[in-house]
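Work through the exercises below with the sequence and the structure side by side, trying each task before reading its solution.

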Protein chains: 2
Amino acid sequence: MNTANHRRLLIRGCDVLTVPTHGDCTVLSRQDIHVTDGVITAIEPTVHDDKTTQTGRTDDVEILDGAGLIATPGLVNGHTHSPMVLFRGAAEDVPVHDWFNKRVWPMESNLTAQDVGFGALLACAEMISGGVTTFVDHYFFPEQIAEAVATSGIRANIAPTYFSSQGPAALEATVAFAENWHGGADGRVTVSMGPHAPYTVGDKDLTTLADHARRLGIGVHLHASENLAQSESSVTRRGITPIEVLERTGILDAGVMIAHGCGIVPGDYDLLAAHADRVAVASCPKVYLKHALWPLTPIRHLLDLGVTVAAGTDGAAGHNTLDMWEALRLVAMTQKLETRDAMFLSVSDTLRLAMRGGAQAARLGDGAGALEVGQRADIVLVDLSGIHHRPLHDPRAALVYGVQTLDVKSVVVDGKVLMRDRQLLTVDVPGLLTEIDSRVARLVDVSSGASVQFYDP
Amino acid sequence: MNTANHRRLLIRGCDVLTVPTHGDCTVLSRQDIHVTDGVITAIEPTVHDDKTTQTGRTDDVEILDGAGLIATPGLVNGHTHSPMVLFRGAAEDVPVHDWFNKRVWPMESNLTAQDVGFGALLACAEMISGGVTTFVDHYFFPEQIAEAVATSGIRANIAPTYFSSQGPAALEATVAFAENWHGGADGRVTVSMGPHAPYTVGDKDLTTLADHARRLGIGVHLHASENLAQSESSVTRRGITPIEVLERTGILDAGVMIAHGCGIVPGDYDLLAAHADRVAVASCPKVYLKHALWPLTPIRHLLDLGVTVAAGTDGAAGHNTLDMWEALRLVAMTQKLETRDAMFLSVSDTLRLAMRGGAQAARLGDGAGALEVGQRADIVLVDLSGIHHRPLHDPRAALVYGVQTLDVKSVVVDGKVLMRDRQLLTVDVPGLLTEIDSRVARLVDVSSGASVQFYDP
């Protein structure tokens, strides 16, 4: 190999979390992870600590010291609206109808494309700093989000949000975004078609977007059966569940990432099973708890059907942060409650859901979501030496039940170091925060009475 | 005032969280908090940043720079078993019977007094570093815990765990501990009598311990009605609920901190209301979720009855960390679900529960749990400038839904700085961790078959 033409990274002396497709995760001690051109080329035991053994390599290989750290697959935020970090903490203690109609949708009507660009960049910075290497996004002004992804170096699947009330030109604009950006930023940006939900997008538009998805070889990402009330309302109003709407409009056939799915009912299972190879569901339990919604995503049933399940934060207007460690922990804890089974979603199964499940929901390709030779190098180095993890009986349990985003030390996406020892290398955070703080007062001013939609599913 | 004889601290230029007895919490900008001999003597607006205005004072006043930080009342961990940090992550994905009988109680049979001392000191260090200034503890070898409290500078109410199977000499030893240590460590150690639970301690012993509590002017801390199955079992076996047992044995009359109370039933409400001035209940939802237990502590009803409610972590063998921010956040989120009311336990009510409720559960005196003149100076300085909090629309929401323990910068207990800019000043953490790591293999070896009890409530 002619090293001069290749971009090489060596993560030296870290422990490595393995996430097999079945069975327990394990931890390999003291490994070197070799990366060339963004791909993991070898994971092998560290032989010497002595840096002289690296003679002749340090000049053309970037070195990341992993001593005392554990390398994990990058986390995937399976469903979010990244620019909503602009509204975190601005809509607390309200039920879901008021959250949409009195707070969030009025505030969102203030957003400009520039606002969204800055919000998305802040979200990218927050996610990188917390160990998220890919996010599955759904929002307005998708070009600005894509630019933030390109700039920050993170990876994203972006669905441009579409409501039928916006009309056909807006639909065409989302298709044009897909045509322009799918595979952009060296492949780090992919696109899904983004109808908002069956209750805000008509069947004709759903069908049109499913057709475009098939034509472009991409998926669909939308909200459906978010809660049981929505499913019941759909049955009352039109005689079929939201999942049946997805089947009739070709969305299931095209392949779809369904946000929430808490209202998926047993009558939907056959349809989901028939499309299990192309359906994913993201569960975001923090927002269900905060909105007092029950039941939760029926994860055990979905996994039994062969459907991919991921964890997500949803937008930070509900989740407050984009902390995916908290999100995956809450998936484990709420699912134990949901199933009344303390043994369900074990530590290993939770890591697998968040990592492999997330990667599949984000369409990152076969085998993604694990640190294995041949995979893209999306790698997080976590420090479990803090007193809140000690003594460290089981690093896997610490990753699920104890880690904070501030324990994440370094983050690599596509073989490139985006955060080194908690220093973000691709985003000017102070400048960004100054810019955003100057916009806050206008963003939360809802005196105009405008709103992007009215929530009445 | 002759400053030479007094210990003075000035926290300069911080924002201050107010926690009133009713209504919304507020945030005062740019305040100085003056502390003399461990008591808050003034909270007043910062006039000048210029340090020369402090001329002649810096020599005899310790200064803590609060610029850019928010001062909050110290958190109270309303129910824990501090030395169980020794077992964090060693008992995952098991139902509650197996958790006790196959994992935790066998491991606990390995504990020596020295182990407990080191474990308690680690727990104190972890809690201080996460903004906990008081904990309400229940465990074996209470002298070692009290020594750890004395050394570390934190505050604790310690209940020496007692099972009737240990016999009368052990009961007398717990009473002797109360006589020796209540009011110790300059008042930072207080004691409660600590019968384990009505299902492991006979009525005669409960009555004896209640009598001692009354005689000593202290309270009782025990597990009762931990889950609904326990209440039903009590009714089946003896015709009365665990709360009725507490009434008959004089425990309610003596005053009691009840851990969990998820099995408290409407038939218990009159008894609790009649003793509401002396009854507290601590809710620790992370362990309920992990053990798939439902229902949860009926906090809305308890508050309506006038009963004090606090938040707690329980032991770290279930909670993994002693993160009280996570604990109070989970109380808010799980109670919204429990009541199906997204408006219940608002951000302000949650802070009040954790801070004022916690202080009352720990018997810290009238008005404790708020930063007010005349109160003991238990103060936490939190940094909300991190990107996961920005833009900062509402610092109160950030404290409930976004803060991590690593956001806590400095901690003051009884007017003494225990952590300054994340440096723990009273505990040699590296030495402690080395000591603890040398004990781990022995602690988790359950091959002897011994166990401290058998769980069959």
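This is a predicted model: local features need pLDDT of at least 70, side-chain atom pairs count only at pLDDT 80 or more; totals for chains, interfaces and linings use all residues.

Residues are numbered from 1 along each chain as its sequence is written, and chains are lettered from A in the order in which they are written.

**Exercise 1.** Describe the overall build of chain A.

Solution. Begin with the elements: chain A has 17 helices and 17 strands, counted as DSSP runs (H or I, at least four residues, for helices; E, at least two, for strands), numbered from the N terminus. Its C-alpha trace spans about 70 × 50 × 45 Å along the principal axes.

**Exercise 2.** Find which residues of helix 6 of chain B are buried, and what they pack against.

Solution. A residue is buried if 20 or more other C-beta atoms, placed from the backbone, lie within 10 Å of its own. In helix 6 (residues 228-238) of chain B, this holds for Gln230(B), Ser231(B) and Ser234(B). Seen down the helix axis, the directions to their C-beta atoms fall within an arc of 100 degrees, so these residues line one face of the helix. They pack against helix 7 (242-248) of chain B.

**Exercise 3.** Characterise the contact between chains A and B.

Solution. Counting residues as in contact if their C-beta atoms lie within 7 Å, the contact takes 50 residues from each of chain A and chain B. Helices of chain A that each supply at least two residues include helix 2 (113-129) and helix 13 (324-339).

How values were computed:
A residue is buried if 20 or more other C-beta atoms lie within 10 Å of its own, exposed if 12 or fewer, and partly exposed in between; C-beta atoms are placed from the backbone. Two residues are in contact if their C-beta atoms, placed from the backbone, lie within 7 Å.
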